[in-house]
Amino acid sequence: MRYAETVLDLIGKTPLVRLHSVTKGIGATVLAKVEYLNPGGSIKDRISLEMIERAEAAGLLRPGGTIVEPTSGNTGVGLAMVGALKGYPTVFVTPDKVGEEKRAVLRAYGAEVVVTASSVAPDSPDSYYGVSDALVQRTPGAYKPDQFSNPAAPDSHYATTGPEIWADTDGLLTHVVIGAGTGGTITGTGRYLKEVSADRATGPVTVVAADPAGSVYSGGTGRPYYTEGVGEDMWPGNYDPAVPDRLEAVTDAESFEMTRRLAREEGLLVGGSSGMAVVAALRVAKDLPDDAVVVVILPDSGRGYIGKIFDDAWMRSHGFETRVPPKGSGEHPL
Ligand code: PMP
């Protein structure tokens with residue numbers, strides 16, 4: 001019999017799939033790493049397991065303890081899933097711009113969800129960081145993994161995401177394109193891929209960071225944008241600015257159009273940060289030779305955005321176009 005002992009054993013080892021339609025006119029091979037195939041539905045399952053197992057090993061989280069974390073949703077799902085299996089209650093703090101569907105998912109795993117305003121300064125006691133700190137202080141046995149600064153987050157990508165991409169491309173990838181939120185994915189994955197390819201005859205892998213226009217990574221001030229899970233209004237400890245070789249700022253309009261195209265043209269129902277990363281990947285790929293291999297990470301599923309990016313009324317009321325170019329038309333929002 002072949003079966004996993006628990007869902008935690010199903011985390012990672014996600015496949016690469018080639019993009020065919022949105023890449024029309026591009027000679028390079030563009031491969032998408034499909035992270036929504038993780039059991040919790042996103043790339044964040046990887047860091048959730050690593051952060052909790054390290055905390056247990058270090059004695060920071062003990063039986064009877066509670067996991068408390070400020071999260072835009074996906075890390076919450078990962079932690080709620082890990083908490084459910086290991087017997088820890090979970091409490092999550094989310095900003096109000098996060099979709100209600102995502103909060104309902106957390107509650108379905110048995111978690112408690114606290115909602116805070118997105119419009120307050122990150123250092124305010126009412127911000128989602130401030131509220132979560134207060135919760136940790138008044139909950140006995142509370143442990144806050146802190147995905148923004150916990151080294152287990154980039155380390156889990158260094159140990160799993162990076163090696164999977166290297167092995168699945170037989171060491172032939174030339175570029176990797178990754179959206180930056182807390183920075184854990186790009187720091188760990190990018191660092192591994194640069195190190196493993198450092199002495200390669202064809203040169204090291206080029207690491208490209210994608211972020212929403214307005215975020216600090218591409219020189220913004222944290223101006224509001226609607227793409228969830230990526231971009232920051234401050235510099236988190238897990239983002240190592242030495243890892244990316246190139247940075248691409250992508251607008252919400254470009255990200256959302258591509259997100260909708262990925263579902264209709266490639267059959268990939270993914271979230272807005274995936275559309276964002278693909279826009280950046282195509283900008284990079286269009287100037288590359290045919291033998292280049294570009295890997296782009298798709299962090300989560302589109303299921304959490306049905307009432308937003310995939311809803312024409314929501315799109316129009318937020319000033320976004322709903323027209324999708326015909327399949328294979330070669331129109332790129334670049
Ligand atoms: N996309 C989505 C949907 C996410 O939830 C996150 C995590 N914040 C990211 C991308 C970015 O990953 P990281 O935090 O590792 O930079």
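The following legends describe close-up views of a predicted model.

**View A. The largest nonpolar core has 52 residues.** The residues with the most contacts inside this core are Val 176, Val 177, Ala 277, Ala 280, Ala 281, Val 294 and Val 296. Two or more core residues come from each of the strands β2 (29-34), β7 (175-179), β8 (206-212) and β10 (293-298), and likewise from each of the helices α5 (152-168), α6 (184-196), α7 (252-266) and α8 (272-285). The largest share, nine residues, is supplied by α8. In soluble globular proteins, nonpolar side chains tend to be buried together.

**View B. Surroundings of Val 294.** Residues up to four places away in sequence being left aside, Val 294 touches Ala 28, Thr 29 and Val 30, as well as Thr 174, His 175 and Val 177.

**View C. A second, separate core.** This core comprises 28 residues, including Val 77, Met 81, Val 82 and Val 131.

**View D. An open sheet of six strands.** The strand order is β1-β2-β10-β7-β8-β9, with mixed pairing. Because β1 (16-18) and β9 (246-250) stand at the edges, each with a single partner strand, one side of each is left without a neighbour in the sheet. From one strand to the next, the twist averages 25 degrees.

**View E. The pairing of β8 with β9.** These two strands run in the parallel sense and are paired over five bridges. Val 208 stands opposite Arg 246 of β9.

**View F. Packing of α6 on the sheet.** Helix α6 touches β7, β8 and β10. The direction of α6 makes about 170 degrees with that of β7.

Conventions:
Residues numbered from 1 in each chain as written. Predicted model: local features only at pLDDT ≥ 70, side-chain atom pairs only at ≥ 80, totals over all residues. Core = buried A, V, L, I, M, F, W, Y, C linked by C-beta atoms within 7 Å. Buried ≥ 20, exposed ≤ 12 C-beta atoms within 10 Å, placed from the backbone. Helix = DSSP H or I, 4+ residues; strand = E, 2+ residues; numbered from the N terminus. Contact = placed C-beta atoms within 7 Å. Pairing = 2+ DSSP bridges. Axes fitted to C-alpha atoms, helices over the stretch in contact; angles between N-to-C directions.
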